[in-house]
Every structure is written in structure tokens, then in C-alpha cells.
Amino acid sequence: LCIVGKGPPSEPKKYDPTFKGPIYNRGCTDIVCCILFIICILGYVAVGILAWSQGDPRKVIYPTDSRGQFFLPSPFMTKPLLFYFNIMKCASPMVLLEFQCPTTQMCVEKCPDKFMTLLKAYTNKEDFKYYKNFCKEGLEGLTVTQILSSGLCPAMLTPSKPFTRRCFPALGQKKGGEITVGNNSKFDDGEGNIRDAKDLVAGVKNATVVIEARQVAMKIFEDYTQSWYWILIGLVIAMLISLLFIVLLRFLAGIMVWVMIVMVILVIGYGIFHCSMEYVSLKSEAGSNVTLKDLGFQTDFSVYLHIRQTWLAFIIILAIVEVVIILLLIFLRNRILIAIALIKEASRAIGYVMSALFYPLFTFALLSIVIAYWAVTAVFLSTSNQPIYKVFNETACDHSRKICEPANFSTSSMKAECPDSKCLFAFYGGETVYHKYLIGLQFYNVFLFFWCANFVTALGQMTLAGAFASYYWALVKPDDMPAFPIFSSLGRSLRYHTGSLAFGSLILSIIQIIRVLLEYIDHKLQGTQNKCTKFLLCCLKCCFWCLEKFIKFINRNAYIMVAIYGKNFCTSAKDAFFLLMRNMIRVAVLDKVTDFLLFLGKLLIVGLVGIFAFFFFSGRVKAFENTAPNLHYYWVPILTVVVGSYLIAHGFFSVYAMCVDTLFLCFLEDLERNDGSAERPYLMSDRLLKVLNKKNKPEPAE
């Protein structure tokens, strides 16, 4: 709608002798969207305050007992372990569905270390005293039958060991493969039945599904605490290398572009060589021929590095990337020479606006605030529920899995109709108005996160565009440029065009949230959808992915036009779109090839830092064996450094990319406004004139 607008398509720009770059006499644009954005931000703050007052992140970290109470690790805790009355009930599929084992759970001082049934312990004073450590209060004067029917004690105790602050049966295995618990293959379940020790395996396995994920998260957190300063050093190295590349591009653009191209090919080639050596070295190792399919998902990701198929996959991926890059370079060799000239011009512009190199740090700081606020709010929202109790029973019961109240459950009709049922903690939820609309608040949190993140990115694009446009249209550089181009452009963007920035980022955010909803629907329908539904969802996801890329392209160029002329978003988007359409061939020849070269630069920095991080954290180099930290998963800091290096390199190279895009639009308008005559000379540099086979005619002699 913004592009089509009303009226005829945008006409080529006419010569205007008064035009000298970004217009300073301008007014506020898209005021309605600006007001809407401010209101939504205030609502976002209110949601955050509400979440922080209701939530408790400890609920997702620490275990809960049958009453929904969680306990924190403390040296003063007398009962730090969680004990299951009947671990075999954890084999129920409901454990995976509700993440709560349908048996009574309570905090104990230590795990049981012997076999014992309530029936036998009740007749022995010393045994019963020991047994009471794993029972609830109120046993005085009750018989064994009354104790079991009231659920005050477990029917049996099995030797257990603490794991992640929970008591699990001490399972073992004899030489013949027979499963044992406490060195016995049989045990009394307390109900007169002799059971096999292997019956405990399923319960232990299901009970540890969530625990394993939590354990992995804790190990990753520990790895970060052990290696954070080395990660920081790696990111600083990435920043210094990126800055060095940018400075060298400023003075040696042509040479550096070819150096980047050759280095990228060499780095990827070394990656192929290293993976091939690892693949060959694993040939003689036992178990290395296991396929990834047979191995399945493992929480210890280092296991995959001992499988030959993993390295073969790396070899294939890197080889494909190498071949694609080489083929693109061969077919684009002539256009690369043209793109290098454009990069040289961008380097010259950055030389006049050196403060632009540090502007990504400001954008990064704002994005960090946005991400941190979203993450904290999301955690507090997800933990602001109240404990929900449900009816658990072994026999058929109409009230099974219904919500109950533990305080009066023993006298309720549910207990009367289902005598063997129990009212146990199931999960955290709620029935209040706040809890009913909690999913809506989570959706609002995600949507505002997208909107704010896109707004910060848009602000950076418009600020840089205004600064570089003032360079291009200045007749005498730097005399006709503002004293502080970045600050002047930033002030104009915030003062006059907050609404336009909010409008463009809102459109992009709506598309992104639709993509998130499509992914959510696809995940929910996994395994139940037919081929037609899968095809439809796949088409929708593909279409919205393409639409998001198109909107990002339009927004970027619209912000450039807003920064120059000060018009509203729709008018600027329409002008930019038709300007590019009138010069479609030049867009393909210059702009996109330049983006490809800058991408190779980012790829090179990530590859160099990634290789260094791999050899350091994996301990493959003997010189670093005593220096590198001891980690559970050495891929954690490596992956963090690689992702962080890409973001840092992207931040620095985005300045170049924005400069190229701005200069590109400016010289397209220059070609339309001027004709190279003495009265209307081109304002572009001699280098660009040569690239485009244009020239300015000399002034006629008097």
C-alpha cells in the first residue's frame, strides 16, 4: 500500500539548484504511529512491572515437592533432597506431559540406604524409627493399613543415591547384564509382590527427562562462569580484527577486497582439510562408525565429535560452500571490479565520517537493553503462575486429573468416590484474570520485543544514511558538511521521524510475529497434520519469509529517503522503490555484488576467530592445555565466540553496507537530477564517473 499509494508512479527527479543534501527545514512525520508506539512502550513497561511483581524464576530452577513448594540450596538446609514415595509411578506417560511424577514427594535429610517395607518395619521399633524419616507427620496411633490408605508413608524403601538433589534407586548391572538395585535383582514392593529391579528403570528414566535438560542448562551456565573472561577476550579480538579490516579498507580497499576473497577460500579449504584428517583418524577407533540416526540425541554434544559421520557432514557442507563461492567469483569477476570502486568511494565517505565506525556500539547497547528486558520479562511471566493440584489415582476414577484442593481433599466427595486417589501438585497455573490472559501478555512481550528491536535497527540505518548523504551532496567536502554528521542525523531522526521509524518497524514486526505463529502452529500440529496441511504451512512459511526480506529491503531504502528529504514513510518508500525499479540493472550489478563482498569479509573474520577459539577451548594445542579452562562442553564458548564475532563483524560492516546503499541511491538521483553539463554537473567522484562511463563537461571558455 505504501509503495503503490495514490496517483501516478514517482517521476524521475528534476534538477534543483537549491538542493544540497539532507533538508534541514522539515516537519514531524507519521505522528499517529509515533503516539501509538509511545503508548505501547508505556504498556510494555506496565507488563514488565506486573510480571516482576508476580513471577518467581526459582520455580524453573529448583525442584518442588507434592505441595508445590520448592527449596533452595543452602548450607543451613536440614532436608536438601527430594524423595519419591513410589518411583515406579514415574513411568507413567503423564510424567512427560505434566512434568510431575504422580506420586507423593517430600524433602528428606538423606536418601534411604536399605531395603525395607512398611509392614516389616512397623513391627520393629528401631526400623520404624528409621522409616519415619521418609514419612509425613501424624503416624501416632495408626495401623499400617491406615497409614498406607492415608498416603503418609511409602509402602517400601529401596537403596537410593542422590542425583541432582533427588533420591533415585541405586541401580546397577551384573556381568550377565541383569539389572540390580542395592546388589539385589528382586525386591518387595511393600504390597506383597516380588518385583524385578528392572521395573524401576522406566520410572527413573521418565523422572529424569526434565532433570537432564535442567542439568545440561546448569552445566552450560557453569561453563560460562568458567570461561566468560576468555569469551570476552575472543570477542575483543574479533572487534580489533573487524576494526583493522575497516581501517585497511579505508586506505587499501582494492587490495583488501582481493585479500578477503583469497583468505575466505583458504580458511574454508583449511576447514575441509582439518575435518578430513579427523575423519581419517577415527577410522580405527571402536564405535566411530555408528550413524547419527542410531546415536540419537545426546546431551553431551562432544559424543558427536567421536563419530565419523559427523566429520563427513562437515566436509560436505564446507565443500559445497567452497564450490558456491568459487563459482560466484568466476561469474561475477567483472562486476567485482565495479563493486570495488563503489567500496573505495564508501571508504572515502567513512574517512570524512569516522565516528560512524563506532555508532554500531550504540546500536548494540540499545539492542542489549531490549533483549535483556524481553528475556527477564518472559521469565517472570512464565513463573508467575500459582501451584495447581490434580487428582492422581491408580484405579479407574471419574475425577482423575481434575483440579483439587489438598487442604480439604480428605473430606471431599472426590476422595469419597475414589478412596485410593491423592491430591498432588501437578504444575504451575492459575484461574485469576491475570493468569487467564497470561498467554496474551507473553504474546504482547514477544511482539513489543520485535517492534523495539526493529525500531533500534531502523534508527541506526536512518542515522547513518543521513550522515553519508550529507557527505555525498556536499559540493565542497568537508566544508559543506555538518560539524558532527552522526549527531546531526541522529537528532533529526529522533526529533522528526520517530513516527516513520515506528511505522516501518511495525510493518516488519507484524510479518515476523506471523512467522512465529506459523512455526508455533506447525510445532503443535507435528505428527497429526496430513500432507496437504504440511504443504500449505510450508508454502505460507516460505511466502512470509520472502515477504520479510522484501519489507526489510524496502524499509532500508525508505529510511534513506526519509533521512534525505524528510517526507513520511509511505512517500519515501514509494520514491525509493520506483527509483530502484528505474535502475534495476544497476541494482543487480553494483549493490548486490558489493553486499556479497562485504559478506565474505564477515565470513573471514568469523572463520579466523572461530578456528582460534576451537584450538584454544578444545585443548588441541599443547601450549594452551594449562591455560584453557576445564569445561563440561567446550563447544559452548566456541559457539558463543563465533556468534558474537559474527554480530561484531556485522556491526562494523553494516556501516559500510549502509554507506554503499546510501551512496548508491544518491548517485542514482544524481544521474536523474544532473546531466554532466557545466550548469548541472554530476556530484559523484571521478572514480564513480569512470565506473559508469560518465564524465562532467568542462566549463566553456569565456
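**Helices H16 and H17**

I looked up how H16 passes H17 and found a left-handed crossing (left-handed if the near helix is turned anticlockwise from the far one by less than a right angle, right-handed if clockwise). The model is predicted: local features need pLDDT of at least 70 and side-chain atom pairs count only at pLDDT 80 or more, while totals for chains, interfaces and linings use all residues. Residues are numbered from 1 along each chain as its sequence is written, and side-chain values use heavy atoms, with hydrogens and water left out.

Helix H16 covers residues 498-524 and helix H17 residues 531-565; their axes come within 10 Å and cross at roughly 165°. I take helices (H or I, at least four residues) and strands (E, at least two) as DSSP runs, numbered from the N terminus. Axes are lines fitted to C-alpha atoms, for helices over the stretch in contact, with angles from 0 to 180 degrees between N-to-C directions. The angle therefore makes H16 roughly antiparallel to H17 (under 35 degrees is roughly parallel, over 145 roughly antiparallel, 65 to 115 roughly perpendicular, the rest oblique). I sorted the residues of the H16 contact with H17 by class and got 14 nonpolar, five polar and six charged. Here Ala, Val, Leu, Ile, Met, Phe, Trp, Tyr, Cys and Pro count as nonpolar, Asp, Glu, Lys and Arg as charged, and the others, Gly among them, as polar.

**Helices H14 and H16**

I then checked H16 against helix H14 (residues 438-472), and the axes come within 8 Å and cross at roughly 135°. H14 and H16 are therefore oblique to each other, and their crossing is right-handed. On the H14 side the contact (heavy atoms within 4.5 Å) includes Phe 443, Phe 447, Phe 450 and Trp 451. The H16 residues that meet H14 include Leu 501, Leu 508, Ile 513 and Val 516.

**Helices H1 and H11**

The axes of helix H1 (residues 31-54) and helix H11 (residues 359-382) come within 8 Å and cross at roughly 45°. That angle makes H1 oblique to H11. I noted the crossing of H1 and H11 as left-handed. H1 brings Tyr 44, Val 45, Val 47, Gly 48, Ala 51 and Trp 52 to the contact, and H11 brings Tyr 373, Trp 374, Val 376, Thr 377, Phe 380 and Leu 381. These divide into 10 nonpolar, two polar and no charged residues.

I also looked at the segment before H1, where Asp 30 lies. Asp 30 is not a glycine, yet has a positive phi of about 50°.

**Cavity**

A cavity is a set of points on a 1 Å grid over the protein atoms alone where a 1.4 Å probe fits but cannot get out, and lining residues have an atom within 4 Å of a point. The largest cavity holds about 110 Å³, a volume being the space filled by probe spheres set on the points.

Strand S1 (81-84), strand S4 (156-157) and strand S6 (166-169) each supply at least two lining residues, and S6 gives the most, with three. Among the lining residues I listed Phe 83, Tyr 84, Met 156, Leu 157, Cys 167 and Phe 168. By class the lining has nine nonpolar, three polar and no charged residues.

How values were computed. 1 Å grid on protein atoms, 1.4 Å probe; cavity = no way out; pocket = protein on both sides within 12 Å on 5 of 7 lines; lining within 4 Å.
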